[in-house]
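User: I am new to this structure and would like to understand the terms used to describe it. Could you take me through them with the values behind each one?

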Amino acid sequence: MNQSERLAAFVALGHRLASLSPDELTALAARARNQNAWFDRPSVAAAVAGLAHMLAEEPLRRWAGRYPAEPTTVHKIGVVMAGNIPMVGFHDVLCVLLNGHVLLAKLSADDTVLMLWLLEELTKLEPRFLKFIQVLPRLNAADAFIATGSDNTARYFEYYFGKKPHLIRRNRTSVAVLTGQESAEELARLGADIFQYYGLGCRNVSKLFVPAGYDFVPLMEALQPFETVLHHHKYNNNYDYNKSILLVNREPHFDNGFFLIRPSEALVSPISMVFYAEYSSEIDLVDQLTDIAAQTQCVVSAGARFAGSLPFGQAQQPGVSEYADRVDTMEFLAELP
């Protein structure tokens with residue numbers, strides 16, 4: 001296959017995802033939730049829609065056109081996938097196969113149903129990919145590695161994969177910048193950045209940066225429509241647990257009945273909670289964001305008014321060129337000898 005044929009297959013996959021019937025989606029989500037309780041129908045539907053968006057033909061072709069059409073040498077690329085949100089490992093699949101390499105995939109135990117289904121759909125559309133895809137428990141035969149995990153597992157990956165070319169990703173999270181001038185509609189859009197996938201993704205907002213003396217009441221009111229997250233028993237259990245800890249320890253916090261906000265210097269918050277930090281000036285804000293840049297996946301603000309940020313509501317809609325950890329996966333693969 002040449003690059004044009006590989007691109008055509010992924011475009012066709014995007015069309016397939018965009019045209020899934022409600023019954024197909026419901027059945028797929030039921031299978032996924034049997035494996036991982038967090039993968040309910042809304043989460044699976046959001047992930048499917050996100051991948052269909054990522055595989056839109058024109059952006060996909062423009063992105064692919066920035067890199068060599070064919071590899072100098074075809075390599076076996078071992079990919080260790082995360083499983084925190086549905087099909088989060090797909091972008092690596094896309095990069096490896098579009099580059100013309102062989103994919104050796106080690107799937108997350110939390111996300112085998114959806115990833116196997118996705119690979120099956122791709123090979124139905126383009127059977128020649130069957131020679132380029134292997135799902136394996138071990139990646140001993142790989143020539144290079146891409147691995148995603150926590151800071152702890154990253155050290156493990158460095159030890160085992162360090163002698164070969166590797167791209168290793170660590171913990172990241174996302175943050176929001178608030179000024180106090182946001183409209184209720186803008187604040188409501190922030191809810192998607194916080195609550196989609198129940199806060200489990202690296203693109204979920206886990207910390208707010210607010211001006212000194214910020215009034216949280218309008219924010220809590222604007223987020224009220226997202227109270228349906230309480231219908232998920234695991235989220236509800238996390239909310240009850242975290243609320244009880246705050247009450248027992250008499251820690252200052254805000255609570256609107258399904259969601260908690262408290263001050264903290266930490267960056268990654270528990271499920272059902274976000275942290276916040278105050279800033280005294282724009283210079284102070286920039287300094288604080290600079291200090292955490294290496295741990296930040298993306299920054300959101302109302303209308304993307306803060307430089308380098310995304311608009312509220314778009315953190316979970318990455319384009320195909322928005323790389324995890326901001327490391328260019330395609331460039332890493334293209335530069336393999």
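Analyst: Let us begin with a pair of helices. α1 passes α3 in a left-handed crossing. The model is predicted, so local features need pLDDT of at least 70 and side-chain atom pairs count only at pLDDT 80 or more, while totals for chains, interfaces and linings use all residues. Residues are numbered from 1 along each chain as its sequence is written, and side-chain values use heavy atoms, with hydrogens and water left out.

User: What makes the crossing of α1 and α3 left-handed?

Analyst: A crossing is left-handed if the near helix is turned anticlockwise from the far one by less than a right angle, and right-handed if clockwise. The crossing of α1 over α3 is assigned to the left-handed kind. Helix α1 (residues 3–18) and helix α3 (residues 41–54) pack at about 145°, with their axes 8 Å apart. Here axes are lines fitted to C-alpha atoms, for helices over the stretch in contact, and angles run from 0 to 180 degrees between N-to-C directions. Helices (H or I, at least four residues) and strands (E, at least two) are DSSP runs, numbered from the N terminus.

User: Which residues of α1 and α3 meet?

Analyst: Gly14, Leu17 and Ala18 in α1 meet Val48, Leu51 and Ala52 in α3, where contact means heavy atoms within 4.5 Å. The residues of this contact divide into 5 nonpolar, 1 polar and no charged. Ala, Val, Leu, Ile, Met, Phe, Trp, Tyr, Cys and Pro count as nonpolar, Asp, Glu, Lys and Arg as charged, and the others, Gly among them, as polar.

User: Why is the packing of α4 and α5 called oblique?

Analyst: Helix α4 (residues 57–64) and α5 pack at an angle of about 55°, with their axes 12 Å apart. That angle makes α4 oblique to α5, because angles under 35 degrees count as roughly parallel, over 145 as roughly antiparallel, 65 to 115 as roughly perpendicular and the rest as oblique. α4 passes α5 in a right-handed crossing. In this contact, Leu60, Trp63 and Ala64 of α4 meet His91, Leu94, Cys95 and Leu98 of α5; the residues divide into 6 nonpolar, 1 polar and no charged.

User: What makes β3 and β5 edge strands?

Analyst: An open sheet of 5 strands has the order β3-β2-β1-β4-β5, with parallel pairing. β3 (133–135) and β5 (166–169) each have a single partner strand, so one side of each is left without a neighbour in the sheet. The twist averages 15° from one strand to the next. Helix α5 (residues 90–98) packs on this sheet, touching β1, β2, β3, β4 (144–148) and β5, and its direction makes about 155° with that of β2. Helix α6 (residues 112–125) also packs on the sheet, touching β2 and β3.

User: How do you know that β1 and β2 are paired?

Analyst: Two strands pair if DSSP finds at least two bridges between them. Strand β1 (residues 76–80) and strand β2 (residues 102–106) are joined by 5 bridges and run parallel, so they meet that condition.

User: Is Ala176 buried or exposed, and how do you know?

Analyst: Ala176 is found in strand β6. Its relative accessibility is 0%, so Ala176 counts as buried: buried means under 20% relative accessible area, exposed over 50% and partly exposed in between (1.4 Å probe, protein chains only). Apart from residues up to four places away in sequence, Ala176 touches Leu190, Val205, Lys207, Leu208, Phe209, Val300 and Phe312. Ala176 and Val205 are 29 residues apart in sequence and 6.4 Å apart in space, C-alpha to C-alpha. In β11, Ala176 stands opposite Val300.

User: Why does Glu186 count as buried?

Analyst: Glu186, which has its place in helix α8, counts as buried because its relative accessibility is 13%. Leaving aside neighbours within four places in sequence, Glu186 is in contact with Ala302, Gly303, Arg305 and Phe312.

User: What is the phi of Tyr198, and where does this residue lie?

Analyst: Phi of Tyr198 is near 60°, a positive value in a residue other than glycine. Most residues other than glycine have a negative phi. Tyr198 lies in the loop between α8 (184–195) and β7 (205–211), and with a relative accessible area of 10% it is buried.
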